[in-house]
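Work through the following exercises with the sequence and the model open. Each task is followed by a solution in steps.

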2 protein chains.
Amino acid sequence: MKELTKQQTKVLACVEVYLNKTGFPPTRAEICKELGFKSPNAAEMHLRALEKKGYISIQSGSSRGISIVKSQQSFEQTGEQMPVIGLVAAGSPTLAEENIEKRISCDPNMFSDSFDYFLKVKGLSMIEAGIHEDDLVAIKKTTNVKNGDLVVVRLEDEVTLKYFKKTNHSLELIPANKDFSTIEVDLREQEAFVEGKSVGLIRTH
Amino acid sequence: MKELTKQQTKVLACVEVYLNKTGFPPTRAEICKELGFKSPNAAEMHLRALEKKGYISIQSGSSRGISIVKSQQSFEQTGEQMPVIGLVAAGSPTLAEENIEKRISCDPNMFSDSFDYFLKVKGLSMIEAGIHEDDLVAIKKTTNVKNGDLVVVRLEDEVTLKYFKKTNHSLELIPANKDFSTIEVDLREQEAFVEGKSVGLIRTH
DNA sequence: TTATATACTGTAAAAATATACAGTATAAAT
DNA sequence: ATTTATACTGTATATTTTTACAGTATATAA
C-alpha cells in the first residue's frame with residue numbers, strides 16, 4: 001500500500017471520524033469545513049489521491065459516495081474489543097498480551113470519558129462504593145487525577161484501586177470499607193505511580 | 001420498540017443491505033429502484049415512519065443522511081445503540097420512544113447473556129447489592145426467572161427492581177437495604193408481571 | 001357510512017453536491 | 001532553470017437529491 005502524505009492522512013481520518021459519528025460519509029464541503037480548506041476542490045483532489053492509492057473508493061456521480069477500503073484507524077472506534085486486565089498483585093497493569101484475561105466488545109466512549117482497558121477487581125476494599133469482587137472497572141490511562149477520583153496507583157510492585165487524596169507531600173489512598181485502612185504514602189520517601197482513573201464500571205450478574 | 005409494518009421492514013432491510021454493500025446509505029430513488037416503487041415519496045414515507053419508530057435517524061437536508069439506530073439484522077453486530085429507560089413510577093418500562101432517555105453504544109452480548117435495554121435505577125433499595133442510584137442495569141426481557149435472580153417486576157402500575165423469591169402462591173420481592181422491607185404478594189389476590197431480569201450493570205464515574 | 005392508516009403514483013421546485021476548469025504558491029527533483 | 005508534485009483558492013454548472021404537494025387505492029375500525 002502506497003504511503004500517504006500528511007494531508008491525505010488527515011482527510012482519510014476526517015472521513016472515518018465523520019462516518020463513525022454520523023453513519024454516512026461526508027461531502028467535499030464538509031471535509032473542507034472540518035479541515036479548514038476554503039475550496040471543495042481541495043477535498044476533491046485529496047479524495048482522488050486516496051482512491052488512486054487504494055485507501056477509499058469513490059462512486060462517481062453519487063453524493064457522499066465514499067467508502068473506506070483500508071481503514072487507518074480501525075482502532076478506538078465503536079465496537080472495539082476492550083481488554084480486561086486482572087488486578088495482579090505485582091507489577092503494573094500492562095496491556096501486554098499475557099496480562100489480558102479476555103476482551104469485551106464495547107464502545108470505548110460508552111462512559112462519560114473514554115477509557116483504555118477494564119481492570120478486574122480483586123478483594124473487598126471498595127465494597128462500600130458498590131464495587132464488588134470481579135467487577136470490571138473501566139480505566140482511562142492518565143496521570144491527571146484530582147482528589148476524590150477513583151484511581152489505579154502502583155506502589156513499588158503493588159497495584160491498588162482506591163480513592164485519591166493528595167495533601168502536600170503526602171498521598172492518601174482511601175478504601176471504601178471500614179475493615180480496611182487508608183494507605184498513607186510520604187512522597188519524599190516512596191514513589192507512587194498513578195496508572196489511571198476509573199470512568200465507569202460494569203458487572204455481569 | 002414499536003412494531004414495523006411489512007413494507008417498513010423491507011425498507012429498513014434495504015437500507016442496511018445497501019449500507020453493507022456500498023459503505024454509504026441509499027437515496028430515496030435508489031430504495032425505490034431496489035423495491036420496485038415508482039415514486040421517491042414512497043421511500044420517503046417509509047423512512048419517516050422508521051425514524052418515528054426509532055429504527056433510523058434522518059439528517060434533514062443531507063443527501064443519504066440516514067443512519068441505522070437499531071439494526072434488524074442484529075446478528076453478531078457489535079456496537080448497537082442500546083436504549084436507556086428510566087425506572088418510572090407508573091407503567092411498564094416500555095421501549096416506546098418517549099420513554100427512552102438516551103442510547104448507549106455497546107454490544108448486546110457484552111454480558112453473560114444478551115439484553116434488551118438498560119434500566120436506570122432510582123432509589124437506594126438495592127444499595128447493599130452494590131446497585132446505586134443512576135446505575136444502569138442491563139435487562140433481558142423474559143419471564144423465565146428463578147429464585148435469587150434480580151428481576152424487574154410490575155405490580156399494578158408500579159415497577160420495581162428486586163431479588164425474586166417465589167414459594168407456592170406467594171411472591172417475595174426482596175430489597176438489599178435493611179431500611180427497606182420485603183414486598184410480599186399473594187398471587188391469588190394480586191397479579192405480578194415479570195418484565196425481565198438483570199444480566200449486568202454499568203455505572204459512569 | 002365515515003374516518004383513519006397504510007401504501008403508494010406523479011410532479012416539481014429548492015437545495016445539496018460533485019466536479020470541471022482556471023488559477024496561485026511552494027518545495028524538491030532534474 | 002525547468003519540471004514535477006503537493007496543496008491549495010475561487011467560480012461555475014450540471015446533476016443529484018430531498019422534500020413538499022396533490023392525488024389514488026384499499027383495508028380496517030368506529
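**Exercise 1. Strand pairing between the chains**

Task: In which sense do strand β11 of chain A and β11(B) pair, and over how many bridges?

Solution. Strand β11 of chain A spans residues 192–204 and pairs with β11(B) in the antiparallel sense, over five bridges. Strands here are DSSP runs (E, at least two residues; helices are H or I, at least four), numbered from the N terminus. Two strands pair if DSSP finds at least two bridges between them. To locate one bridge, go to T204(A): its partner in β11(B) is G200(B).

The structure is a predicted model, in which local features need pLDDT of at least 70 and side-chain atom pairs pLDDT 80 or more, while totals for chains, interfaces and linings use all residues. Residues are numbered from 1 along each chain as its sequence is written, chains are lettered from A and ligands numbered from 1 in the order written, and side-chain values use heavy atoms, without hydrogens and water.

**Exercise 2. The protein interface**

Task: Describe the interface of chain B and chain A by contacts, buried area and polar pairs.

Solution. Step 1: 34 residues of chain B are in contact (heavy atoms within 4.5 Å) with 34 residues of chain A.

Step 1: the two chains bury about 2600 Å² between them, 54% of it on carbon and sulfur atoms. Buried area is the accessible area (1.4 Å probe) that two parts lose on being put together, summed over both.

Step 2: 21 residue pairs across the interface are in polar contact, both residues at pLDDT 80 or more. A polar contact is a pair of N or O atoms within 3.5 Å; within protein, one must be able to donate a hydrogen and the other to accept it, and residues adjacent in sequence count only if both atoms are side-chain atoms.

Step 3: on chain B, the elements giving two or more residues to the side that touches chain A are α1 (6–22), β2 (66–68), β4 (100–106) and β11 (192–204). Of these, β11(B) gives the most, with seven residues.

**Exercise 3. DNA strand C**

Step 1: a polar side-chain atom of Q7(B) lies 2.4 Å from a phosphate oxygen. A backbone N or O atom of S63(B) lies 3.0 Å from a phosphate oxygen, whereas a polar side-chain atom of N41(B) lies 3.1 Å from a base oxygen.
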